[in-house]
Amino acid sequence: MDRCLLFLLLLLMGRNGFSQEEDVCSKSVINSCGDCIKSGPYCVWCKQLNFTKPGEQEAARCDTRSELMKRGCMTGEIISPMNNIDIVKDTPLSKSFDQQEPIQLNPQEIKLKLRPGLPTTFTLFFKRVQGYPVDLYYLMDLSYSMADDLRNVKELGQQLFATLKKITEHAQIGFGSFVDKTVLPFTNTNKEKLKKPCDAKEQQCQPAFGYRHVLSMTSKEDEFKAKVRKQFISGNLDSPEGSLDAMMQAAVCGDKIGWRNSSTRLIVLTTDAGFHMAGDGKLAGILDPNDEQCHIEDHLYAKSNDMDYPSVGQLATQLEKNNIQPIFAVTKNVEGVYRQLKKMIPKSEVGVLSSDSTNVVALIESAYGRLSSKVTVTHDDLPDNVRVIYTPICQHPGPSRDTEGVCDNVGVGQEISFKITVIADECLEERSFTISPLGIKDKLKVTLSTNCECECDDPNNSNHPHCDGQGRVSCGLCSCNSGFVGQKCECAIGDKDERSLRASCQRENGTECEGRGDCVCGRCLCHAMEGGGSYYGDYCQCDDEHCEKFQNKLCGGNGKCQCGICKCKPGYDGSACQCKKSDEQCTSKGSVCSGRGTCKCNQCECKEGYQRPFCETCHGCPDPCQTKQKCIECLGFGTGPFNKNCTTACNSVVHKLVDTFTMTKKQCQLKDAEGCWIRFKMEQLVGEDNYMAEILQTRECPELPNIYAIIGGSIAGVALIGLLILLLIKGLIYMNDLKEFRKFENEKKKSKWAEADNPLFSKATTTVTNPTFTGE
C-alpha cells in the first residue's frame with residue numbers, strides 16, 4: 001500500500017513538474033488582451049479592475065494562470081481562449097461491401113478552432129471493408145524483348161480472375177500496352193520499320209506505337225482473354241521505354257479506363273527495361289512539357305510525339321490524386337531502378353518477374369497483400385504555419401511523424417485508429433485541408449480557424465467610473481473618449497492634438513516612453529520594476545538595475561549604477577568598476593604606456609596601431625627611416641630641402657654624429673643631394689613623434705669617372721668595330737667571286753667544240769716584208 005501511495009505521489013509530482021515546464025508565458029510587447037493571447041499558448045489575461053498597482057504597466061495583466069492567481073486575480077476574471085472541436089460529419093464505419101459507397105474512415109468532416117501554439121488532439125478511425133472492390137489495370141511493355149512474356153500473359157486470364165475472386169467478389173480487370181514515342185532516336189522512323197519494327201523472322205508484329213488502351217475495366221473473363229490474345233509484339237530502338245507516358249494516361253483518363261469511384265485501384269506495370277522521364281524528349285526535339293491531361297483518341301495516346309515524358313513528381317502527384325497504387329512487376333536486371341522509383345511514389349510495390357512472366361499472378365497477389373495491409377495516413381493542402389502529428393494506435397505502428405502515420409499488417413475488417421494532433425503556430429483565417437489514407441478514396445475534411453480574440457463580456461457603459469467617467473472598460477483597460485487620454489482617462493487634452501501630445505513622450509526611435517511608461521498629458525509616467533525600483537528620466541530611459549556586472553555583482557560591488565552606467569568609487573576603474581586604479585603594469589622604462597596610450601584597469605589601451613603591453617611597437621605605422629630622411633640630411637650635414645629651417649622642421653629628432661653605432665636598432669641609409677650615402681639608426685622616444693638618431697660622420701661618396709679613358713676607349717672601340725665590319729664585307733665579296741669563278745670553270749669543262757673546219761671559212765693571210773732584207 002505504501003508503495004502505491006509513493007508511486008502516485010511521484011506521478012503527481014512529475015505531472016506538476018511537466019506543467020511547470022510547459023506553462024511558460026514569454027511576453028513581448030503587450031498593449032491589449034489580444035496581444036497577450038498571441039504571445040504564447042499559456043499566456044492568459046486578467047481583466048479584473050484595479051489589478052495593476054499605480055505606475056505598474058498594464059502588461060502585468062498578462063502571465064500564466066498560476067502567476068496571475070498568486071497576485072490576486074480571481075478565477076472568473078481570467079481570459080484564456082481554449083481549443084474547440086466540432087465533428088460535422090460522423091458516419092459509422094461499414095462492416096462489409098453491401099452498399100454503393102462503403103465507409104472506411106470516421107469521422108468524415110471536422111471543424112477546429114484553435115488557439116495559436118496550443119495543440120489539440122482527436123482520433124481518426126479506419127477499417128478495411130470486407131469484399132471491397134478491386135480495379136486492376138494490366139499495363140504491359142510490348143517491346144520485342146517481351147515476346148515470350150506476352151505469349152504467357154495470353155494464357156493467364158483465368159488465373160488472374162481466380163486470384164482476384166479470392167480477394168473480392170467485385171473485381172474488374174483492364175488492359176493496356178506501351179512501347180515508346182515513334183520518333184528518332186527512340187524508334188526507327190523508316191516507313192517499313194514503322195509498319196514492322198520487329199525482326200524479319202517475327203511474323204506477327206504490330207506497327208510501332210507509344211501507348212494503347214486495349215480494354216476498359218471488365219468483370220468478364222472471356223472478354224479479357226479475347227482482347228489480350230489479339231495483341232502482338234512491337235519494337236523500338238533504345239532500351240528505356242515510355243512507361244511513364246502510359247502510366248500518366250492510365251491515371252488521368254479515368255472515364256476511358258473505367259475506374260470505379262469506390263474501389264481499390266491498381267496499375268500492374270510489367271517490363272524488362274527502364275523508363276524515359278521529363279527532359280528526354282529534347283533528344284527528339286520535343287520541348288512542350290507534359291500537361292497531365294487525358295489525350296486518348298481511338299484507344300491511342302494522341303500526343304505521344306508532341307509532349308515530353310512526365311516527370312516522376314508529376315506522375316506521383318496524379319497517382320496519389322486519383323488513389324491509384326502501382327505494382328512494378330519487373331525483371332531482375334532493372335529491379336534496382338524501380339526500387340528507387342518506389343521511394344518517390346507513395347503506396348507502390350516492386351516484384352521481380354521471371355524471365356517469361358510465369359510468376360506474375362503470384363507476384364500481383366503478394367504485392368496487393370503488402371499494399372492493402374499497410375495503412376498510411378497523410379494530409380494534403382496543409383496551410384502554412386500549421387503542424388500535424390500522427391500517432392498510430394494499432395498492433396504494428398510506425399513511428400509518430402509530422403508527415404504521416406503508418407500501421408502495418410492491418411487485416412480485413414480490423415479497426416485501427418490514429419491520434420492526430422493539430423497545432424496552429426500563428427493566427428490565420430479559416431482554411432481547409434484533407435487527411436486520408438494513401439490509395440483510399442475516403443477523406444477527412446478539416447476546417448481550421450484560430451481563436452485570437454478575447455471575449456471579456458465588458459459593460460456597454462461608455463462613461464464607466466473606473467475610467468473617470470470619460471471612457472469604457474475593455475478587458476480591464478480604459479478605452480477613453482475623444483479628448484481624454486491616460487491610463488484611466490484622467491487627462492483632458494482639450495484643443496491639443498493627441499498625436500503631438502504623445503510625440504513629446506518619444507525620443508528619436510519613436511517609442512513612447514521607451515516602452516517603460518505611459519504618456520500622461522504629454523509627460524511620461526514611468527512604470528515600476530519587478531525588483532522594487534522604478535524607471536526614471538524624461539522618457540523613462542533610465543534605471544539603476546541594468547548596469548554591467550562583474551563576478552555576478554552590479555558594478556563589481558565597487559560602484560553605483562546610475563542610468564545604466566557604473567559610477568565607480570575612488571580608487572576603482574572600468575566599465576563595471578572591476579579594476580583598481582594603478583599604473584604598475586603599464587609602466588616601462590619610467591613612462592606610462594610609452595606616452596602612446598592610457599592606462600585603464602592596469603593595462604595599456606594603446607593608440608591605433610601600437611601594440612600591448614607597453615605601446616612600444618607599431619606594426620602599421622610608417623617607417624621612420626623613410627619619414628625622417630630629410631631631417632637626418634639637414635641635421636647631420638646641413639644639406640637637403642630642410643637646410644634653411646632645419647631646427648624648426650626637425651625639432652622632434654634629437655641627433656648626434658658618431659664614428660660607430662651604439663644603438664641596436666636596424667641601420668637605415670639614404671642618398672643625399674650630392675649623391676653620397678648617409679647611414680644612420682633611429683630609436684623612438686616616449687611619445688608618438690619623438691626620436692633619437694645616431695648618424696655616421698663619414699659619408700660614402702662615389703669617385704668621379706676618368707673622362708679621358710672613357711673617350712679614348714670609346715674611339716678605339718668604334719675604330720675596332722669599323723675595321724671588323726670592313727673585313728667582314730671584304731670576306732663576303734671574296735667568297736662570292738670565288739664561287740662565280742668556280743662555276744665558270746665547271747661550265748667551261750663541260751663545253752664540246754667541233755673539230756671540222758668550215759669550208760666557207762677563209763683564214764686571213766698577212767705578208768710582212770722586211771725592206772732592208774736583200775736576200776743575201
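## Surroundings of Arg265

A polar atom of the Arg265 side chain lies 3.0 Å from the backbone oxygen of Asn322, in a model that is predicted. Arg265 belongs to strand E11, residues 264-271, where strands are DSSP runs of at least two residues, numbered from the N terminus. The residue is buried and has no salt bridge, the nearest side chain of opposite charge being Asp135, 5.3 Å away; buried means under 20% relative accessible area with a 1.4 Å probe and protein chains only, and a salt bridge requires a side-chain nitrogen of Lys or Arg within 4 Å of a carboxyl oxygen of Asp or Glu.

Neighbours within four places in sequence aside, Arg265 is in contact (heavy atoms within 4.5 Å) with residues including Asp135, Trp259, Asn322 and Gln325.

## Nonpolar cores

The largest nonpolar core has 37 residues, of which Leu136, Tyr138, Met140, Phe175 and Phe224 touch the most other members. Such a core is a set of buried Ala, Val, Leu, Ile, Met, Phe, Trp, Tyr and Cys residues joined through side-chain atoms within 4.5 Å. A second, separate core of 32 residues includes Met217, Ala250, Leu319 and Val330.

## Strand pairing

The bridge partner of Leu105 in E7 is Phe126.

## Basis of the values

Residues are numbered from 1 along each chain as its sequence is written. Local features need pLDDT of at least 70 and side-chain atom pairs count only at pLDDT 80 or more, whereas totals for chains, interfaces and linings use all residues, and side-chain values use heavy atoms, with hydrogens and water left out.

Notes. Helices (H or I, at least four residues) and strands (E, at least two) are DSSP runs, numbered from the N terminus. Buried means under 20% relative accessible area, exposed over 50%, partly exposed in between (1.4 Å probe, protein chains only). Lys and Arg count as positive and Asp and Glu as negative; His and the chain ends are not counted. A polar contact is a pair of N or O atoms within 3.5 Å; within protein, one must be able to donate a hydrogen and the other to accept it, and residues adjacent in sequence count only if both atoms are side-chain atoms. Two strands pair if DSSP finds at least two bridges between them.
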